[in-house]
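Hi,

Here is the structure I promised to pass on. Have a look at it first, and my notes follow below.

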Amino acid sequence: MSDYNKMAGQKENGISLQFRRVIAYIVLLLATFLCLFWFYVLFINATRSNSELKTGFSAIPGAFLIENWVNLKNGTLPIFNGMMNSLFIALTTAALSTYFSTMTAYAIHAYDFKLKKFMFTFILMVMMIPTQVTALGFVQLIGKMKLDDSFIPLIVPGIAAPAVFFYMKQYMDATLPLSLIEAARIDGAGEFRTFNQIVVPLMKPAIAVQAIFSFVASWNNYFTPALVLHTDTKKTLPILIAQLRSADWLKFDMGQVYVMIAFSIFPVILVYLVLSRYIVGGVTLGGVKG
Amino acid sequence: MKKSKVVSYNKWGYIFLIPFIVIYLLFQMVPLVSTIYNSFFENYRSGLTQIGPNFVGIENYKTIITNGDLPTYFMNTMIMWIMGFIPQIILSLLLGAWFTDPSLRLKFQGFFKTVIYLPNLIMASAFSMLFFTLFADGGPINSMLMQMGFISEPYQFMSHVWSVRTLIASMNCIMWFGNTTILLMAGMLGIDPSLFEAAQVDGATAGQVFFKITLPLLRPILIFVMVTSLIGGLQMFDVPQILTNGTGDPMRSSMTLIMYLNKHLYNKNYGLGGALSVFMFVITAILSFIVFKFTNSEEV
């Protein structure tokens, strides 16, 4: 009797498990569709000419991708400049932000000083303050410092990045033994040299993850650059996208519009596909401790 | 001798902190203080004449509350956040539970995780511009819907209050549910597996396990996710700004707090902008404090 019950239970369990698996796959496929559909349409439309686009949607790519890009490059929006500006700002921000955040984390991790606990708590507390609430004072400040319309106010503040610091600190707690630093000291390395030649190389995996996140955050940033940059040739991609939106876009060649969006989105997607394993793994480490 | 050596090393702690402290004070602290200072002054341009700065006390705060702007835009922001967050958290909980359920043994997990996280890295302004072109009156979505025979003439997504809000909420949901799923998964993997085994032995169904074990034990992380998402939601800017070209139309129903702030910054209305910033700062500070309490209590 009990045997029978057990078997029946198992069978039922088996069916419901099978059923749940099917439901899970269906929802996952829907989620995948929800995530990829837009980029699929974007890709298709970027390869079609304006007149083709006017006839309605088709699922097959056209042959106008390169022509659309050439037209866009020769158009009024300094799109190529914008890409270079975005690239430059994002790369330098990522480099500064990761290097100096590692340094800050190292200060808290490796040394004992009176204000250590206070500093750590302070940085954690200010981590959540959004840049938008200080934007007003920020704009006035860079006006007074004569840094208006310059890349410096977009790059240099990256040195103080509490979230990157926090990730580095977590990573150090898990992987950087103090005995190693001790050994370097015995070998006569100075503190600064120890940091640059021993700590930074050991932190490479964490630096790589955070460099990607800093790069993407800076590449995608619209709010601050829009307040700082005014000259057309200095503008970054998100500002140009906003300009495209506020232009009389109906008169635009829609093929060009799609190519421009595609060129803002696809570089990040490509980098992501290559590095996705590290990125997805990096999300959890930075966010929650438990 | 030994002790003095230890002390001499530890001064390096301060030295290594210098870049952070200098840059933080200069680019964050000074602007914060001057923003707060500005909020007590009347300072704007009316045509070509500059008014102020004159000290007006809390007049700016009274203005943004009583002229109805702040409450309206706060409500807009909250409505769009909630519309995006509810599907986002449900989807994330479901996917997280499925990904971490060992008995389901889902295949292609790496692929699915990669795909659902992808939209989080997309430039929000470009994504919003993409939605704008896709959902335009003559855009591909309308053309698809007409080809499939759902509608006979283009639906004007940009002219209806709830369709614009839905588009904004959907974009936020698509961009963030992957991130939330991964955070929740980390929490779910942290739950002691013996609890699930015990429940299975007792014959609990998947639903019972989810509601009686997973959810209650996930509470701290759920609160963390919710509050950080709320902080992010209050900063909602890129998506509605680009989608509506900064107008928050129709009838300012999709104008968010930061879009309003952005408007003041462009018009150089620093008094009202300052008051609005301080308001945002106080709300964020309270919410951050809750997050801080939670993550800290977990650690100890």
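Helices here are DSSP runs of H or I with at least four residues, strands are E runs of at least two, and both are numbered from the N terminus. Before going on: this is a predicted model, where local features need pLDDT of at least 70 and side-chain atom pairs count only at pLDDT 80 or more, while totals for chains, interfaces and linings use all residues. Residues are numbered from 1 along each chain as its sequence is written, and chains are lettered from A and ligands numbered from 1 in the order in which they are written.

Back to that pair: helix H7 (residues 161-189) and helix H10 (residues 219-234) of chain B pack at about 155 degrees with axes 10 Å apart. The axes are lines fitted to C-alpha atoms over the stretch in contact, with angles from 0 to 180 degrees between N-to-C directions. That angle makes H7(B) roughly antiparallel to H10(B) (over 145 degrees; under 35 is roughly parallel, 65 to 115 roughly perpendicular, the rest oblique). On the H7(B) side, Trp176(B), Thr180(B), Leu183(B), Leu184(B) and Gly187(B) meet Ile221(B), Val225(B) and Ser229(B) of H10(B); contact means C-beta atoms, placed from the backbone, within 7 Å. By class that is 5 nonpolar, 3 polar and no charged residues. Nonpolar covers Ala, Val, Leu, Ile, Met, Phe, Trp, Tyr, Cys and Pro, charged covers Asp, Glu, Lys and Arg, and the others, Gly among them, are polar.

Over in chain A, the axes of H4(A) and helix H8 (residues 162-175) come within 8 Å and cross at roughly 55 degrees, so H4(A) is oblique to H8(A). This crossing is right-handed too. Its residues split into 6 nonpolar, 6 polar and 1 charged.

Strand E1 (residues 41-46) runs antiparallel to E2(B), joined by 5 bridges (strands pair if DSSP finds at least two). Ser46(B) has Thr49(B) as its bridge partner, and Gly47(B) takes a positive phi near 65 degrees.

Finally, the chain contact: 75 residues come from chain A and 83 from chain B. H1(A) gives the most to the chain A side, with 15 residues. That side has 53 nonpolar, 15 polar and 7 charged residues.

Cheers

Terms used
Two residues are in contact if their C-beta atoms, placed from the backbone, lie within 7 Å. A crossing is left-handed if the near helix is turned anticlockwise from the far one by less than a right angle, and right-handed if clockwise.
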